[in-house]
Amino acid sequence: MKKWMLFLAFLMTAALLASGCVSAPQAETEAPATAAAAEPSQEPTREAAPEPTDEPVPEATADPANYVPGTRTETTYESQWLGLRYTLAEDQVMSTDEEIAANMQVGAEVLSGDAGTIELAELQTVYEMMAVSPTTGKNISIIAEIPALKNMTAAQYVQVLQQQLPAMLGSEETPVEIEEPFQTELLGEVYDAVEYRIEVYGMTVYGRYMIRRQGDRFAEIVLTVLDEAEFESLLEGFEPLA
């Protein structure tokens, strides 16, 4: 049991460690071509990331008013900002304000109330929701992050993740295998994504970061599972917000 609890702690740490740590690409990159919007679908599709082009990087919205923190219950998460709802499966548990605040290193009072919402919107990185299955270890987090560089694109963010994840999650004894970046669709929105795998406590952990630009922030969906097939089962909890 102690080993399993340590393993669960690693899974949650792996899901959250990279958020807020990305600063700038280590080498100059050009903005990727904007992917055409696909028809809405709850099942994500996967395609290779587009080749960089000379198109200019669009400026981020300066007004933070476009971001409104989402709301959580014990079983659901809703975001007007992202236009979606997430419903937990029966084996998942939603993290509380106090647990999320501990990861954000802010007071729990910041996560509730009108005055708190204003403070929350001013933070660079906000953990919107975190949910984990105590029995299988699969977990999902949704994060809103103000980029360190105003005009940074989601594709550039993912490229930096690809470079930084091995050092943040792995070691010489437990190396991290990083896949090539790709694009995937969720509810009609295109996300730049990257996946990794690592052997920990005798088990293989699979992780996926899905990033898209929404106004002046990045919307980040972070998944960690013990079976690659669980990525799709986790994403089944999403639906458009009516």
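Predicted model: local features only at pLDDT ≥ 70, side-chain atom pairs only at ≥ 80, totals over all residues.
Local features need pLDDT of at least 70 and side-chain atom pairs count only at pLDDT 80 or more, while totals for chains, interfaces and linings use all residues. Residues are numbered from 1 along each chain as its sequence is written, and side-chain values use heavy atoms, with hydrogens and water left out.

Strand S9 covers residues 182-186; strands (E, at least two residues) and helices (H or I, at least four) are DSSP runs numbered from the N terminus. Five of the five S9 residues are buried, so the strand is largely enclosed by the rest of the structure. Buried here means under 20% relative accessible area, exposed over 50% and partly exposed in between, with a 1.4 Å probe and protein chains only. Phe182, Thr184 and Leu186 point one way, and Gln183 and Glu185 the other. S9 runs antiparallel to S10 (residues 189-200), joined by five bridges; pairing takes at least two DSSP bridges. Phe182 has Ala193 as its bridge partner in S10.

Now for the rings: there are four aromatic pairs, counted for Phe, Tyr and Trp (its six-membered ring) when centres lie within 6.5 Å, with planes under 30 degrees apart called stacked, over 60 edge-to-face and the rest tilted. Tyr157 and Phe218 have ring centres 4.9 Å apart and planes at 70 degrees, so this pair is edge-to-face. Tyr157 sits in helix H4 and Phe218 in strand S12, so the contact ties together parts 61 residues apart in sequence. Tyr157 is buried at 2% relative accessible area, and Phe218 is buried at 0%.
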